[in-house]
Amino acid sequence: MERHRDDAGVVVPGIDAPSTVACLRSLRPRGVRTIVGSESRSTPAATSVYRDEFVGLPDPDSDLAAYGDALLSLAERSDVETIIPVREEDIYVLAERKDEFADAIATPWPDFETLRRVQDRVELFAAADAAGVGAPETALLDQWDDWDRETIVKPRYTVASPTYLGARFDDAEIGSTEYQRPGTQPDPETELERRGHVPLVQERIPDSREFGFFALYEHGDPVATFQHCQRRGWKYCGGPSAYRESVHIPELETAGRALLDELEWHGLAMVEFLRDPADGEFKLMEINPRFWSSLPFSVRVGADFPYYYWQLATDGQLTSEPTYEVGVGGHLLRGELSYLHSVATEEYPLVERPSLGTAVREVATSLVSHPRFDYAVPDDPVPFFQDGVNLVRAWLGGRSNSGVPDQTETSLESELTDDSVEPTETKPGTDEESTRSAQTDGGQPSDS
């Protein structure tokens with residue numbers, strides 16, 4: 001299929017996390033036409049000056065098959081070169097139907113059998129064992145017998161889908177990761193009924209710092225890598241990243257590469273580790289096989305993964321050697337607010353809560369010493385304010401725990417455009433059946 005380079009475009013799903021906006025800010029200034037597709041008109045990405053077009057899509061939480069059909073329809077447009085996965089549902093449908101997408105666009109992501117080894121955590125930890133990569137002791141709930149230890153219970157799968165859950169995919173909540181007090185044992189039948197599958201039990205690593213190894217691979221070979229240490233999550237026990245610092249740790253690089261090499265990986269990956277204070281070894285938590293929520297920070301310190309991804313998709317290689325700056329910090333401001341709210345109001349078993357005064361001082365100090373923010377930038381301010389509106393609505397409107405805006409919410413979209421290109425828009429699709437994901441983007445588990 002022939003395309004004109006000056007009309008080449010990319011589809012980026014619009015979600016509540018800042019990864020979509022980071023892709024737009026990276027690619028649009030380089031002349032790439034940016035198409036945001038989302039079930040929500042109030043996604044911050046829809047308000048970015050670096051967004052050329054908005055397309056309404058079915059909600060993958062309601063109808064995963066229709067969402068995949070809609071992405072394939074976009075892929076068949078003559079101006080679309082590739083699609084960027086930013087959540088578990090994206091990469092699931094892209095990998096499951098890779099042959100169909102490959103007829104229309106570049107497909108720098110894994111095939112479905114490889115993806116399953118990541119989204120099914122039983123297979124993932126088996127791969128880690130084969131690669132010689134450390135991991136917490138892990139077993140299925142009905143096989144775990146040592147309930148006197150500190151443990152966590154987590155979903156086996158990262159997406160609720162027919163492939164993973166069978167007939168239960170449309171009525172089960174696969175759930176989140178939960179702490180389990182020593183001496184207490186969850187009921188396997190109750191968990192099976194609630195989650196639609198038998199979850200995993202894992203020994204708890206007593207360290208809330210999460211270490212991320214980020215990579216773009218091409219058929220088993222690393223193209224670009226990056227590392228950060230998450231200092232604070234959305235909750236004081238962990239969760240998605242609120243504040244992180246760029247690092248380079250040879251042992252982390254070795255562990256991340258060993259696992260992705262074992263998987264013969266192709267595409268994006270965020271490999272999450274915790275460092276076991278008992279032996280200093282990095283222990284695998286999971287792999288996110290798509291762009292991560294802290295992507296704006298990676299780009300700010302020099303690891304421009306959206307551009308790397310675009311180059312791999314369109315040219316087959318990078319034009320320069322990837323590098324990044326070490327020892328730099330960055331924040332998601334709503335994540336910092338969530339962290340302080342967690343310290344002030346929440347209680348998690350097994351995790352010591354810091355004093356509110358200490359937490360406020362640490363946040364304030366890092367904001368002053370590392371004033372870099374995921375959404376808030378001078379040349380594209382509206383996504384930051386839209387994210388704030390979404391946050392306020394989530395708190396005051398009694399909406400779902402995910403905090404994802406619905407299609408009826410007010411958008412603060414600016415009329416500003418880049419290079420005088422007028423944004424265009426199409427109507428959203430419909431939604432019917434149910435599917436849910438358990439993506440976390442880092443940190444120790446939380447109850448939400």
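This note goes through a predicted model of a protein, point by point.

1. **Overall make-up.** The protein has 448 residues, and 59% of them count as buried. It contains 14 helices and 15 strands. Take the contacts between residues at least 6 apart in sequence: 71% of them join residues at least 24 apart. The accessible surface is about 17600 Å². Carbon and sulfur atoms account for 48% of that surface.

2. **The largest nonpolar core.** This core has 95 residues. Leu 259, Leu 260, Phe 273, Phe 291 and Phe 305 touch the most other members. Helix α2, residues 64-75, gives the most to this core, with 7 residues. A second, separate core has 13 residues, among them Ile 152, Ile 205, Cys 237 and Leu 274. In soluble globular proteins, nonpolar side chains tend to be buried together.

3. **Leu 260 at close range.** Set aside its neighbours within four places in sequence. Leu 260 is then in contact with Phe 213, Ala 215, Tyr 217, Trp 265, Ala 269, Val 271 and Ile 287.

4. **Helix α1.** How many of the residues of α1 are buried? The count is 9 of the 9, so the helix is largely enclosed by the rest of the structure. The buried set is Ser 19, Thr 20, Val 21, Ala 22, Cys 23, Leu 24, Arg 25, Ser 26 and Leu 27. These residues pack against two strands, β1 (9-13) and β2 (33-38). They also pack against the helices α10 (295-300), α11 (305-314) and α14.

5. Helix α14 covers residues 382-396. At 1.5 Å a residue, its 15 residues should span 21 Å. The end C-alpha atoms are 21 Å apart, which agrees. Its buried residues are Val 382, Pro 383, Gln 386, Asp 387, Asn 390, Leu 391 and Ala 394. They pack against α1 (19-27) and α12 (333-345).

6. **Helix α14, the surface patch.** Leu 337, Val 392, Trp 395 and Leu 396 form a nonpolar patch on the surface. Together they have about 460 Å² of accessible area. Helix α14 gives the most to the patch, with 3 residues. Is Trp 395 buried or exposed? Its relative accessibility is 55%, so Trp 395 counts as exposed. This residue sits in helix α14.

7. **Arg 195.** Arg 195 belongs to helix α8, residues 188-195. Its relative accessible area is 0%, so it is buried.

8. **Thr 151.** Thr 151 is in strand β6, residues 151-154. It is buried too, with a relative accessible area of 0%. Not counting residues up to four places away in sequence, its contacts include Trp 144, Asp 146, Glu 178, Gln 202 and Leu 350. The C-alpha atoms of Thr 151 and Arg 181 are 7.2 Å apart. Those two residues are 30 residues apart along the chain.

9. **Salt bridges: a network.** The structure holds 36 salt bridges. Arg 33, Glu 53, Arg 77 and Asp 79 are linked in a network of them. Within it, the side chains of Arg 77 and Asp 79 meet at 2.9 Å, N to O. Arg 77 is partly exposed, at 23% relative accessible area. Asp 79 counts as buried, at 9%.

10. **Salt bridges: two further pairs.** Glu 123 pairs with Arg 116 in a salt bridge, the closest N and O atoms being 3.5 Å apart. Glu 123 is partly exposed at 28%, and Arg 116 is partly exposed at 22%. Arg 117 and Glu 262 form a salt bridge at 3.8 Å, N to O. Why does this pair tie together parts 145 residues apart in sequence? Arg 117 lies in helix α5 (residues 112-119) and Glu 262 in helix α9 (residues 250-262), so the bridge joins those two helices. Arg 117 is partly exposed at 25% relative accessibility. Glu 262 is partly exposed at 29%.

Definitions and conventions
Residues are numbered from 1 along each chain as its sequence is written. This is a predicted model: local features need pLDDT of at least 70, side-chain atom pairs count only at pLDDT 80 or more; totals for chains, interfaces and linings use all residues. Side-chain values use heavy atoms; hydrogens and water are left out. Helices (H or I, at least four residues) and strands (E, at least two) are DSSP runs, numbered from the N terminus. The expected span of a helix is 1.5 Å times one less than its number of residues. Buried means under 20% relative accessible area, exposed over 50%, partly exposed in between (1.4 Å probe, protein chains only). Contact means heavy atoms within 4.5 Å. Accessible areas come from the Shrake-Rupley method with a 1.4 Å probe; for residues, only the protein chains shown count as cover. Patches are made of residues with over 30% relative accessible area and no salt bridge: like charges are joined within 9 Å, nonpolar side chains (Val, Leu, Ile, Met, Phe, Trp, Tyr) within 5 Å. A salt bridge is a side-chain nitrogen of Lys or Arg within 4 Å of a carboxyl oxygen of Asp or Glu. A nonpolar core is a set of buried Ala, Val, Leu, Ile, Met, Phe, Trp, Tyr and Cys residues joined through side-chain atoms within 4.5 Å.
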